[in-house]
Amino acid sequence: MKLKEVKAIAKVKGIQAGNLEKTELIRAIQKAEGNFDCYGSAASGNCTQSGCQWRQDCLSVSAGK
């Protein structure tokens, strides 16, 4: 997902994007939704959050680490 799309979601949730990087912004959205703020931290591609809207993007980011 592109940063512009993430910023649009943040705006709907009442989160000011400011100069936050994509990872920080997604984690802020996750927290605002009452979820774990774990975006980009899946160890070895393992993620227990199967219903997360960020899952596919997260796993691709985590794999690149």
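Biologist: What makes Val6, Ala10, Ile15, Ala17, Leu25, Ile26, Ile29, Tyr39, Trp54 and Cys58 the largest nonpolar core?

Modeller: In this predicted model, these ten residues form the largest nonpolar core, and the term applies because a core is a set of buried residues of the nonpolar kinds listed for it, joined through side-chain atoms within 4.5 Å. Helices α1 (3–12) and α2 (22–32) each supply at least two of its residues, and α2 gives the most, with three.

Biologist: Which residues does Val6 touch, leaving aside those up to four places away in sequence?

Modeller: Val6 touches Met1, Lys22, Leu25, Ile26, Ile29 and Trp54, where a contact requires heavy atoms within 4.5 Å.

Biologist: How do you know which residues of α3 lie on the same side of the helix?

Modeller: In α3 (residues 55–63), Asp57, Cys58 and Ser62 are buried, that is, under 20% relative accessible area. They cover an arc of only 130° around the axis, and therefore they lie on the same side of α3. Gln56 and Ala63, on the other side of α3, are exposed, which requires over 50%. What covers the buried residues of α3 includes α2.

Biologist: What is the volume of the largest cavity, and which residues line it?

Modeller: The search of the whole structure finds one cavity of 30 Å³ or more, and the largest cavity has a volume of about 40 Å³. Its lining consists of Gln30, Cys38, Tyr39, Cys47, Gln49, Cys52, Trp54, Arg55 and Cys58, and by class this lining has six nonpolar, two polar and one charged residues.

Definitions and conventions. Residues numbered from 1 in each chain as written. Predicted model: local features only at pLDDT ≥ 70, side-chain atom pairs only at ≥ 80, totals over all residues. Heavy atoms only, no water. Buried < 20%, exposed > 50% of the residue type's maximum accessible area, 1.4 Å probe, protein only. Helix = DSSP H or I, 4+ residues; strand = E, 2+ residues; numbered from the N terminus. 1 Å grid on protein atoms, 1.4 Å probe; cavity = no way out; pocket = protein on both sides within 12 Å on 5 of 7 lines; lining within 4 Å. Points joined across faces, edges and corners; volume = space filled by probe spheres on them. Nonpolar A, V, L, I, M, F, W, Y, C, P; charged D, E, K, R; others polar. Arc of directions from axis to C-beta.
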